[in-house]
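Me: I am new to this structure and would like to go through it step by step. Could we look at it together?

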Amino acid sequence: MDKKDFINAVNGLGSLTVAEERITQYFMKHYTMLPFAKIDELCKQIGVGKATLGRFLQHLGFSGFLEFKKHVADDLAQTLTTPAERYEVTQHTDNEQSVLTKHYDEVMSNMTKTFASISDDDFERAIGYMQNPKGKLYVIGSASSEALANYFFLLARYLRKDVVWLKADISTLPHQLVDVTEDDTLFAISYHRFSTITIRLVKWFHQFGGRIIFITDQPVNPFVAYCDIQFAVESGSEGFFNNRASGFALIEAFIKGLSRQKEKNNRFKRIESLFDEFSVF
């Protein structure tokens with residue numbers, strides 16, 4: 001069941017109670033996150049009881065929330081493609097535009113959609129978590145996300161102390177995470193396909209009370225229930241591989257936000273002196 005089918009099904013019910021209207025509005029706003037929602041947390045956020053939610057879904061033709069979210073997940077999963085699947089499609093697509101022009105259009109479209117969807121409040125809250133002087137800032141990314149995470153890590157080291165680079169290696173993560181506290185923040189980046197190591201790390205960090213900031217290209221993901229702030233960036237592309245430009249631009253925006261850190265001047269001087277010491281030009 002996609003969002004349009006859901007709306008049509010609700011419209012078919014006729015008049016709604018106040019509680020049903022509240023459920024409908026919440027579902028429409030957070031539709032892509034429903035497959036990963038837990039019913040207790042969901043009802044708390046909506047402000048209705050489980051029985052009320054259950055009756056509403058039964059009116060739509062479902063036995064309960066589990067069956068409903070399975071139908072939502074099955075539909076949304078069809079939109080997730082792999083490079084191999086895109087290869088099959090592009091082999092039969094005629095394209096009169098130059099590669100450079102087409103790529104420019106894709107980048108600008110992804111940028112526009114991404115930054116239009118980002119809340120200023122969420123962005124500023126994320127910067128506040130990253131700047132928290134009481135805790136460490138942990139950074140992780142795997143596969144194509146690793147380069148983006150590493151770029152952020154290197155520049156963030158200019159701007160604050162206690163920035164920790166986490167390698168997606170299950171044999172070393174326990175040693176790196178042993179000192180995590182509720183004052184710490186995890187900045188995680190994961191694009192589809194999702195790394196199981198990153199999923200386990202996010203769940204673990206959440207369990208120990210740390211703040212989690214997450215960048216992804218799929219609002220439907222296994223992380224959403226554990227993150228304090230999620231940023232969904234557009235990565236659409238007609239090439240074999242998805243586009244990472246909007247995610248990279250958001251990371252640069254985070255670096256600009258972190259540059260308001262008061263201690264940065266001394267850190268810049270120390271890093272520059274170290275470059276001189278090791279003859280780095």
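Me: Let us begin with helix 9 and helix 12. At what angle do they pack, and how far apart are their axes?
Reply: Helix 9, residues 144-159, packs with helix 12 at an angle of about 10°, and their axes are 10 Å apart. Please note that this is a predicted model.

Me: How are helix 9 and helix 12 described relative to each other?
Reply: They are roughly parallel, because angles under 35 degrees count as such.

Me: Which residues make that contact?
Reply: From helix 9 come Leu 148, Tyr 151, Phe 152, Leu 155, Ala 156 and Leu 159. Helix 12 contributes Phe 248, Ile 251, Glu 252, Phe 254, Ile 255 and Leu 258.

Me: Is their crossing left-handed or right-handed?
Reply: Helix 8 and helix 12 cross in a right-handed manner.

Me: Which residues meet there?
Reply: Phe 123, Ala 126, Ile 127, Met 130 and Gln 131 of helix 8 meet Leu 250, Ala 253, Phe 254, Gly 257 and Leu 258 of helix 12. The contact of helix 8 with helix 12 has 8 nonpolar residues, 2 polar ones and no charged ones.

Me: Let us change topic. How do helix 2 and helix 3 pack?
Reply: Their angle is about 110°, and their axes are 10 Å apart. Helix 2 is therefore roughly perpendicular to helix 3. The crossing of helix 2 with helix 3 is right-handed.

Me: Which residues are involved?
Reply: Arg 22, Ile 23, Tyr 26 and Phe 27 of helix 2 meet Leu 42, Gln 45 and Ile 46 of helix 3. The contact of helix 2 with helix 3 divides into 5 nonpolar residues, 1 polar and 1 charged.

Me: What lies in the loop between helix 2 and helix 3?
Reply: Met 33 is found there, between helix 2 (18-29) and helix 3 (39-46). Met 33 is partly exposed because its relative accessible area is 30%, a value between the limits of 20% and 50%.

Me: Which residues does Met 33 touch?
Reply: Leaving aside residues up to four places away in sequence, Met 33 touches Pro 219, Val 224 and Gln 230.

Me: And how far is Met 33 from Ala 225?
Reply: The two are 192 residues apart in sequence, yet their C-alpha atoms are 8.5 Å apart in space. Ala 225 sits in the loop between strand 4 (211-216) and strand 5 (229-232). Ala 225 is partly exposed, at 25% relative accessibility.

Me: How about Met 33 and Val 72?
Reply: Met 33 and Val 72 are separated by 39 residues in sequence and by 9.5 Å in space, C-alpha to C-alpha.

Me: Finally, the whole chain. How many helices and strands are there?
Reply: The chain has 13 helices and 5 strands. Of its 281 residues, 41% count as buried.

Methods:
Residues are numbered from 1 along each chain as its sequence is written. This is a predicted model: local features need pLDDT of at least 70, side-chain atom pairs count only at pLDDT 80 or more; totals for chains, interfaces and linings use all residues. Side-chain values use heavy atoms; hydrogens and water are left out. Helices (H or I, at least four residues) and strands (E, at least two) are DSSP runs, numbered from the N terminus. Buried means under 20% relative accessible area, exposed over 50%, partly exposed in between (1.4 Å probe, protein chains only). A crossing is left-handed if the near helix is turned anticlockwise from the far one by less than a right angle, and right-handed if clockwise. Contact means heavy atoms within 4.5 Å. Ala, Val, Leu, Ile, Met, Phe, Trp, Tyr, Cys and Pro count as nonpolar, Asp, Glu, Lys and Arg as charged, and the others, Gly among them, as polar. Axes are lines fitted to C-alpha atoms, for helices over the stretch in contact, and angles run from 0 to 180 degrees between N-to-C directions. Angles under 35 degrees count as roughly parallel, over 145 as roughly antiparallel, 65 to 115 as roughly perpendicular and the rest as oblique.
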